Amino acid sequence: MTKTVLVTGGAGYIGSHACKALAAAGYVPVTLDNLSTGWRDAVKFGPFVQADLLDRAALDAAFAEHRPVAVLHFAALSQVGEAMSQPGKYWRNNVSGSLNLIEAAIDAGCLDFVFSSTCATYGDRDGEVLDEETAQAPLNAYGASKRAIEDMLIDFQASHGLRHVIFRYFNVAGADPDAEVGEFHRPETHLIPLILDAVDGKRAALTIHGTDYPTQDGTCIRDYVHVMDLVDAHVQGLEYLRAGKGSRVFCLGTGDGFSVREVVEATRHVTNRPVPMQDGPRRAGDAVKLVCGSQRARDELGWRPDRSTMRQMIGDAWRWHQNGSYEA
Ligand SMILES: NC(=O)c1ccc[n+]([C@@H]2O[C@H](COP(=O)([O-])OP(=O)(O)OC[C@H]3O[C@@H](n4cnc5c(N)ncnc54)[C@H](O)[C@@H]3O)[C@@H](O)[C@H]2O)c1
Ligand SMILES: O=c1ccn([C@@H]2O[C@H](COP(=O)(O)OP(=O)(O)O[C@H]3O[C@H](CO)[C@H](O)[C@H](O)[C@H]3O)[C@@H](O)[C@H]2O)c(=O)[nH]1
């Protein structure tokens with residue numbers, strides 16, 4: 001029997017990798033995306049519906065046509081800087097859009113729901129290892145919008161039996177090792193693709209945002225997870241729901257923290273090229289250290305983030321960077 005899943009944001013970075021993993025696991029991933037930050041060329045593994053989450057009639061039509069057994073909800077705006085200056089855009093797109101989607105799913109009888117949340121819901125909890133029990137205190141409208149959607153899922157679980165898995169991701173990195181899909185944000189704000197831009201001359205230099213943090217080398221520490229490991233967890237989360245297990249939150253990261261300078265040094269090593277860089281001031285809203293406790297995902301989903309070594313994440317990102325693009 002065909003198992004169709006609706007993948008919102010399937011034309012974006014993580015959603016496109018999820019579609020590849022879903023297709024490999026025997027699902028038909030139907031991408032629903034408005035292409036606001038995604039790319040038509042990234043939709044390679046199943047049908048495409050161009051629609052906006054704010055268009056309830058288009059959502060109803062997509063559920064009626066494709067009859068998905070579950071929803072994987074990646075679609076969102078996710079730039080922290082933009083969220084600080086335009087919070088209304090984040091509340092409308094992420095929260096109102098998700099409310100439409102949840103109500104459309106319930107009306108269609110599609111009650112298994114996997115949601116992309118973020119460690120940005122924790123706010124500044126420097127020094128702690130962050131896991132599912134850590135209190136959330138978002139610092140900006142992006143993180144706040146994600147926490148609000150988490151709350152929404154809990155309410156609709158109680159009222160309508162919407163079963164959900166919430167994944168709180170840490171810093172997602174790397175690309176499909178086959179370079180069929182990869183990370184392609186315009187503008188790009190994430191560290192590893194920006195370092196690679198500096199390596200191959202697409203930008204003059206990487207600016208290090210802050211060198212006076214209380215860390216071993218003065219730069220911020222993050223927990224990086226390979227996008228292929230991350231999307232594997234989504235397939236496992238989907239199977240968990242389809243096996244009838246209850247709603248659950250899982251944090252996805254490795255537990256290893258890397259400073260910005262360590263990521264730069266690893267990139268120099270993997271690419272065997274110099275990384276032009278300059279020291280800059282701190283970036284507003286950056287936490288000093290965000291490191292994930294992911295024992296629950298390992299224990300309950302059997303998740304093994306084996307590809308999430310810094311060498312492999314940078315190597316796969318570099319291969320994509322050299323060979324892949326959606327603009328051509
Ligand atoms: N990249 C990371 O490190 C990271 C970390 C934590 C959480 N996340 C979350 O993971 C998800 C995917 O992130 P990404 O990096 O792939 O982002 P992305 O911008 O590459 O993908 C998001 C996709 O959603 C689509 N979209 C946005 N609003 C929409 C709307 N109203 N209707 C239809 N489609 C819409 C965009 O066109 C895009 O294709 C997001 O929810 C993000 O908050 C990402
Ligand atoms: O040009 C740059 C870009 C980044 N950085 C530093 O590199 C680290 C990683 O920065 P990213 O922008 O790659 O990612 P963030 O840590 O800001 O990630 C945040 O934003 C993401 C949204 O894209 C996710 O939601 C994630 O959960 C949330 O913590 C930070 O210390 C940042 O200051 C630089 O030094 N120079």
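**Ligand shells, domain contact and helix packing**

The shell around ligand 1 comprises 12 nonpolar, 15 polar and two charged residues. The model is predicted. In total, 29 residues surround ligand 1. The closest are Gly9, Gly12, Tyr13, Gly38 and Ala76. Four elements are listed as supplying at least two residues each: α1, α4 (87-107), β5 (112-118) and β8 (171-173). Helix α1 gives the most to this shell, with three residues.

Ligand 2 is surrounded by 21 residues. Thr118, His190, Leu191, His209 and Cys220 are the closest. Two or more residues of this shell come from each of α6 (191-199) and β9 (206-209). Strand β9 gives the most, with four residues. By class, the shell around ligand 2 holds 11 nonpolar, seven polar and three charged residues. Domain 1 (3-173 + 224-252) and domain 2 (191-222 + 255-323) both contribute to the shell, so ligand 2 lies between them.

The domain assignment divides the chain into these two parts, domain 1 (3-173 + 224-252) and domain 2 (191-222 + 255-323). Their centres, taken over C-alpha atoms, are 24 Å apart. The contact draws 28 residues from domain 1 and 26 residues from domain 2. On the side of domain 1 that touches domain 2, two or more residues come from each of α3 (80-85), β6 (129-130), β8, β11 (224-226), α7 and β12 (248-252). Helix α7 gives the most to this side, with seven residues. The side of domain 1 that touches domain 2 has 16 nonpolar, six polar and six charged residues.

Helix α7 also packs on helix α1. Two packed helices are described by the angle between their axes and the distance between the axes. For α1 (residues 13-24) and α7 (residues 227-242), the angle is about 60° and the axes are 9 Å apart. The two helices are therefore oblique to each other. The crossing of α1 past α7 is right-handed. From α1, the contact uses Ile14, His17, Ala18, Ala21 and Leu22. From α7, Val227, Met228, Leu230, Val231, Asp232, His234 and Val235 take part. Nine of the residues in this contact are nonpolar, two are polar and one is charged.

Helix α1 packs against α7 and gives the most to the shell around ligand 1. Helix α7, in turn, gives the most to the side of domain 1 that touches domain 2.

Notes. Residues numbered from 1 in each chain as written. Chains lettered and ligands numbered in written order. Predicted model: local features only at pLDDT ≥ 70, side-chain atom pairs only at ≥ 80, totals over all residues. Axes fitted to C-alpha atoms, helices over the stretch in contact; angles between N-to-C directions. Parallel < 35°, antiparallel > 145°, perpendicular 65-115°, else oblique. Left-handed = near helix turned anticlockwise from the far one by under 90°. Contact = placed C-beta atoms within 7 Å. Nonpolar A, V, L, I, M, F, W, Y, C, P; charged D, E, K, R; others polar. Near = placed C-beta within 6 Å. Domains from an automatic or database assignment.
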